[in-house]
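Please keep the sequence and the model in view while reading.

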Amino acid sequence: MNVNKAKIKKTNERSSALSILNAGNLDSVSERKPVHVAMFSGGAASAYVAYYIVQKYGKENCVLFFTDTLWEDIDNYRFMEEVAEYIGLDITYRTDGRTPEEVFYDVRFLGNSRMAKCSEELKVRQTLIYLEELRDIHNLEPILYFGIGPHEQHRAVNLQNFYEHNPIEPIATRFPMIETFKEDLDTKKIIRDEWKIALPRMYGLGFSHANCAGRCVRGGLGHYALLYKVWPDQYLEQEAMEERFREKFNKDVSILKRNSKAFTLREYRELMDLHGIEKYLSEKDDSIPCICSYS
């Protein structure tokens with residue numbers, strides 16, 4: 001269930017992103033009533049997209065959908081509930097019941113910067129189950145809306161390909177930040193200044209997304225350096241989890257990689273303690289943003 005399978009050349013050109021997505025648009029021939037599903041990540045862009053579809057289609061025809069990993073930052077829930085109240089739509093929560101660590105044990109595979117079974121099990125699988133319930137139980141045809149912009153067109157194409165081929169029947173996907181709005185919107189400014197809703201605190205702390213309260217296994221080296229700087233206790237929790245897994249399964253595996261080899265959080269922390277965290281905040285690697293991040 002790999003939603004990051006498709007690969008295309010990245011570009012900042014909105015027209016290029018739009019042409020690629022238009023080529024794959026599905027014309028619904030279903031007799032089911034359409035329902036517009038905002039894939040809510042807890043981020044600013046997906047919040048604005050949810051607002052947009054409610055304004056366009058009416059809240060009676062929309063769903064605000066969120067899958068919970070049980071590792072979310074507490075301020076994400078505050079933000080999501082305030083957004084839901086503002087747009088007049090309750091959040092539909094789906095939860096597998098396991099944490100990412102429990103998934104790693106169940107599949108005997110430690111999530112890392114290149115592959116995250118936690119995302120597949122806790123988010124993607126739960127989403128697919130819910131979408132089929134909409135069809136089978138409620139006779140509704142879901143159309144999915146994501147808060148992905150033209151600078152992330154590769155993720156939009158991956159999502160489009162995934163939902164065309166993995167559900168029992170193809171499901172249409174829409175990306176208003178690429179397809180609808182002619183100029184890049186400062187969704188954070190709109191939400192903060194016009195909606196008067198404080199953004200998730202992780203944005204202000206410097207994180208690029210708010211997944212799993214900073215414990216996202218696909219975050220990469222720079223992300224984990226920031227985590228150690230901002231929330232050292234959270235970092236140490238991840239380090240302890242990694243050590244438990246390595247000992248349990250007697251495997252030389254790690255969340256991070258360096259020079260294509262296992263690079264444990266303990267090793268990384270010792271380097272940061274020795275040379276200073278600031279040296280590693282801009283550390284680059286080839287990790288790919290997790291599908292958990294819809295905005």
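The structure is a predicted model, in which local features need pLDDT of at least 70 and side-chain atom pairs count only at pLDDT 80 or more, while totals for chains, interfaces and linings use all residues. Residues are numbered from 1 along each chain as its sequence is written, and side-chain values use heavy atoms, with hydrogens and water left out.

## The sheet

Helices (H or I, at least four residues) and strands (E, at least two) are DSSP runs, numbered from the N terminus; two strands are said to pair if DSSP finds at least two bridges between them. On these terms, 5 strands form an open sheet in the order β3-β2-β1-β4-β5, with parallel pairing. The edges are taken by β3 and β5 (172-174), each of which has a single partner strand, so one side of each is left without a neighbour in the sheet. Averaged over the sheet and with direction ignored, neighbouring strands are turned by 35° against each other.

Strand β1 (residues 33-39) is mostly covered, 5 of its 7 residues being buried, where buried means under 20% relative accessible area, exposed means over 50%, and partly exposed lies in between (1.4 Å probe, protein chains only). With strand β4 (residues 140-145), β1 pairs in the parallel sense over 6 bridges, and Val35 stands opposite Pro142 in β4. With strand β2 (residues 62-68), β1 pairs in the parallel sense over 4 bridges; here the bridge partner of Val37 is Val63 in β2. Strand β2 in turn pairs with strand β3 (residues 91-95), again in the parallel sense, over 5 bridges, and Phe66 stands opposite Tyr93 in β3.

## Crossovers and packing helices

A crossover is right-handed if, with the strands pointing away from the viewer, the path from the first strand over the helix to the second runs clockwise. One right-handed β-α-β unit is made by β1, helix α2 (residues 44-57) and β2, and another right-handed unit consists of β2, α3 and β3.

Axes are lines fitted to C-alpha atoms, for helices over the stretch in contact, and angles run from 0 to 180 degrees between N-to-C directions; contact means heavy atoms within 4.5 Å. Helix α2 lies across β1, β2 and β4 and runs at about 155° to β1. Helix α3 also packs on the sheet, where it touches β2 and β3, and its direction makes about 145° with that of β3.

In helix α8 (residues 187-194), Thr187, Ile190 and Ile191 are buried. These residues lie on the same side of α8 because they cover an arc of only 95° around the axis, the arc being that of the directions from the helix axis to the C-beta atoms. The cover over the buried residues of α8 includes α2, α3 (74-87) and α7 (176-179). Just after α8, Lys196 takes a positive phi of about 60°.

## Salt bridges

Counting as a salt bridge any side-chain nitrogen of Lys or Arg within 4 Å of a carboxyl oxygen of Asp or Glu, the total comes to 24 salt bridges.

| Pair | N to O distance |
|---|---|
| Glu120 and Lys117 | 3.6 Å |
| Asp193 and Lys189 | 3.5 Å |
| Arg258 and Glu283 | 2.7 Å |

Glu120 and Lys117 are 3 residues apart in helix α5 (residues 117-136), and are therefore separated by about one helical turn. Glu120 is buried, with a relative accessible area of 14%, whereas Lys117 is partly exposed at 26%.

Asp193 and Lys189 both lie in helix α8, 4 residues apart, which is about one turn of the helix. Asp193 is partly exposed, with a relative accessible area of 31%, and Lys189 also counts as partly exposed, at 42% relative accessibility.

The salt bridge between Arg258 and Glu283 links distant parts of the chain, with Arg258 in strand β6 (residues 256-258) and Glu283 in the segment after α12 (265-275), 25 residues apart. Arg258 counts as partly exposed, at 26% relative accessibility.

Beyond these pairs, Arg32, Glu132, Arg135, Glu141 and Glu169 are linked in a network of salt bridges.
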